[in-house]
Amino acid sequence: MTFGFCFGVSLLLSLWSTAECSGIPEGALHMECRDRYFMIAVDLSFTGDEPLFEAVDGTGVYAITRQYSAQCGYCVRLLPLLGRVELRASYFSCHAENENDEVFSFNFTLTVTREGRENTYVLNKTCSPSLPWSPREITCEENYMEVSVRSEVACPPRTVTDDWNALKPAHSSTTSDWQVMFQRNELQLPAMNLSEARKQGYAFALTDGRLVFRTPYGQPESFSTEVNGVPVEAVHATLFSRQSWVVLMVDLVTACSVYEGSYDDSSYMVWQTPEVPYRRLYGTQLNVGLNGELVAQPVAEERLFVVDNINATVQISVPLTAEGGYRKSFVLGDLVEIYVFHLYLEQILADEDRVETRVRFQRTLSTPLLPHPVFTENQTVVDELAFTVYLGDVPADVALVAIYLNGEEFTVQFMNASSHNITKVVYPNNTLGYTLTVPFDDSVVLLQFSDDAVLQYELNINYTLTVLPENEPFYHLTSVMAFVDASPPAFDAVCSKSGISFRRDHRPYDSLWGISIGSDLLTPELAVKHGYIMSNDSQSLRLTVPLFSHGYKYHGVTLNGFYGTFKILMRDHETSEVESSTIKSCPFTANELILCSTQGRLTVVADMALASPIGGLPAKFNLVDKFCGPRENNGTRALFSFPLNTCGTTIKLSMGNVTYLNEIFYSGRSRVPSDAVERVIIQCTYPLASLHRLFTTFRFESDTAGIGSIIHTKRPISDMPRLTIKPTTALQTTPASPVVSFMRADSPSTRYIRVPSFHNLARVLRRKEHKDPRKVNPALI
């Protein structure tokens, strides 16, 4: 860290009015008049690290060097942490033009060397003090002490009790020139004329109304002492001149606290000064602030400053969070920080005659290097199937630039374009927080599967941060783990008018299970075969099952609607045992519907608008057996539900299928109404391979549900047994043999008929065909 002539670091500068200055970029120069000094600040990005200020007056141009600045009332500070160089000039500085102590004009030049070339810029400003001058004012700057007193001589209304021995050197002087005497630790030093005193680094000035004395710190004639335990540097100077028999003397004593400040480990920076640094004075008011701003003590305390008077010592405690303070991060192995405060303090004192003395302090206070550890917090919610890790308390001058996840580097700039996500939050206390999200199924996550069916996810994180503007890197490491009970996945299901849609987000361990519809494993080929719509991307699996597709179960059928249920099974990948299922039932509506159950029941909702006479009553509808009427009916639709071996059902046998047929009639005076324009034939077809018993009065057994059809045919039509009937569903069955036989489904001659095999049935049918293709004796099959 580099410091300028005032030997300190600085805090953030307050806003200054911008002066127009040719050649200096806008915003790089700031100049402002304060109550007792003039200030210039220029950005180091413009000046470089070696700017040169020069003071200009009618006598010439004077470089403001380290020694010259302390003697002439200037303080130049190079502030690399703030990126600025600052000049403070006392109103009584050597080259300020003074008009009646009311108007002060300053003229400076700034020389900047850039790329080996020097450029000089002129800086001018005129200031007027915002406060009237007190009879006695003392400035304790960072590199000099200055005292000014009113030049009028007034005799006090009290008896002077000073040691008259102090007058002897002045009385014995043989010259009328002004001289100065210094007193150090009760020791009277020989007098010297002002010219000699200036060579020693002291400055004297007589304005229209004030006498000014200035001295750098550490002069041979100054002395250090302690006042109530506070280190103080003092200079006791007496300025005198003998005019004939009259001796004029001016006491120019000044004392300034040189306490450097301390950090009390409770988030406060502490500075001290004696309550009364001079004899025969008492304190009347205290004003305090930062960056040259003074506010009364109560206002400062509202801003969380703590002002105490402890054993006649004023103690100022500045909170680290004080507005106007400055902090900077550094890397010394770990992350550390320093806080810097430019304290401005004013003590208003008075003597017994109520003559006022104002003492002002300019002090730069800095904490030691303090550790500033960042922290991480594991905010992972296992049900969200993603790691969520929070990195907090990151200072505002520290940036997160990259993250290593299990050794693989990801730059923060591009993280959100992938499955990883990083979000930044800015807090009012000038700290940042970062939230990292990484899905469990990301390829960078380490996964282990234990014998007790627990999945262990592990993510080792190395945050790469950098301190700005130096771009000095440091690293913060953490490791997080998550444990998941490996339960079978489940689908979300949604009903629609045309079917049911299933959705399941992928999880890393879903490969432990297989998805099946019944006994069939769900594959793209199976989906195409049954008319399912399946999409499977990197995020989720979606399956849309149209109504009446393979796998549906139906129940609650009425004329108003019915329920369709579809089941998805999750099977163990190794054993094929069913471990869970997703079942969804949805209400549907259909103008017509036919269902053929595995138990041999036919349920049909048919539209009879064209199969009945005009004005016909639905109650007149029946099946081939006129005693089999509808369960429900309305104006044009009727609902029937009956066993396949009843109600006059006819069986059609072929080489591959068994079909049960019936017809819905209007039962008027004639069997077929003369004004009806169509017949309604209903049928259920079962593949022979799925049947265990072909038909029976008491029992029906099939492995699969039958394929139902509602056939609306125009009249006239040939015999019902010779109808060519095509299934209306998408399921493909074995093509029927040209050899076809018919029989009544409710034959009373046997309880049930066994179907030993497809080949036996085919032989029987061929043997009987030449006798009578219209009839087959059930007892012979």
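# Briefing: cavities, backbone and packing

The structure holds three cavities of 30 Å³ or more. The model is predicted. Eight helices and 61 strands make up the secondary structure listed for the protein. Of its 781 residues, 49% count as buried.

**Overall build**

- The protein exposes about 39,000 Å². Carbon and sulfur atoms supply 52% of that area.
- Take the contacts in the protein with a separation of 6 or more: residues 24 or more positions apart account for 62% of them.

**The largest cavity**

- The volume of the largest cavity is about 180 Å³.
- Its lining has 18 residues, and the closest to the centre are Arg36, Tyr37, Ser90, Thr139 and Glu146.
- E11 gives the largest share, with four residues.
- By residue class, the lining divides into eight nonpolar, four polar and six charged residues.
- Rolling a probe the size of a water molecule over the atoms is what shows where empty space is left.

**Backbone exceptions**

- Most residues other than glycine have a negative phi, and most peptide bonds are trans. The entries below depart from that pattern.
- The peptide bond from Leu468 to Pro469 is cis, and its omega is near 5°. Pro469 sits in the loop between strand E38 (454–467) and strand E39 (472–485).
- Asn228 is not a glycine, yet its phi is positive, about 55°. The loop between strand E17 (223–227) and strand E18 (230–243) holds Asn228.
- Asn228 has a relative accessible area of 45%, so it is classed as partly exposed.
- Leu304 also has a positive phi, near 75°, in a residue other than glycine. Its place is the loop between helix H5 (297–302) and strand E25 (306–310).
- Leu304 counts as exposed because its relative accessible area is 51%, and the exposed class begins over 50%.

**Aromatic packing**

- The structure holds 34 aromatic pairs.
- One of them joins Tyr552 and Tyr554, with ring centres 5.8 Å apart and 20° between the planes. The pair counts as stacked, because planes under 30 degrees apart fall in that class.
- Tyr552 is buried, at 7% relative accessible area. Tyr554 is partly exposed, at 23%.

- Which strand holds Met269? Met269 is in strand E22 (residues 268–274). Its relative accessible area is 1%, so Met269 is buried.
- Met269 and Ser366 are 97 residues apart along the chain, but their C-alpha atoms are separated by 7.7 Å.
- Not counting residues up to four places away in sequence, Met269 touches Gly261, Ser262, Tyr263, Ile316, Ser317, Val318, Phe341, Leu365, Ser366 and Thr367.
- Ile711 lies in strand E59 (residues 707–714). At a relative accessible area of 16%, Ile711 is buried, because the cut-off is under 20%.
- Ile711 and Glu663 are 48 residues apart in sequence. In space, C-alpha to C-alpha, they are 9.3 Å apart.

**A loop residue: Asn416**

- Is Asn416 buried or partly exposed? Asn416 counts as partly exposed, with 45% relative accessibility.
- Asn416 is placed in the loop between helix H6 (412–415) and strand E35 (421–426).
- Its contacts are Asn421 and Ile422, not counting residues up to four places away in sequence.
- Asn416 and Leu436 are 20 residues apart in sequence and 9.9 Å apart in space, C-alpha to C-alpha.

How values were computed: Residues numbered from 1 in each chain as written. Predicted model: local features only at pLDDT ≥ 70, side-chain atom pairs only at ≥ 80, totals over all residues. Heavy atoms only, no water. Helix = DSSP H or I, 4+ residues; strand = E, 2+ residues; numbered from the N terminus. Buried < 20%, exposed > 50% of the residue type's maximum accessible area, 1.4 Å probe, protein only. Contact = heavy atoms within 4.5 Å. Areas by Shrake-Rupley, 256 points an atom, 1.4 Å probe, with all protein chains shown as cover. 1 Å grid on protein atoms, 1.4 Å probe; cavity = no way out; pocket = protein on both sides within 12 Å on 5 of 7 lines; lining within 4 Å. Points joined across faces, edges and corners; volume = space filled by probe spheres on them. Nonpolar A, V, L, I, M, F, W, Y, C, P; charged D, E, K, R; others polar. Phe/Tyr/Trp six-rings, centres within 6.5 Å; stacked < 30°, edge-to-face > 60°.
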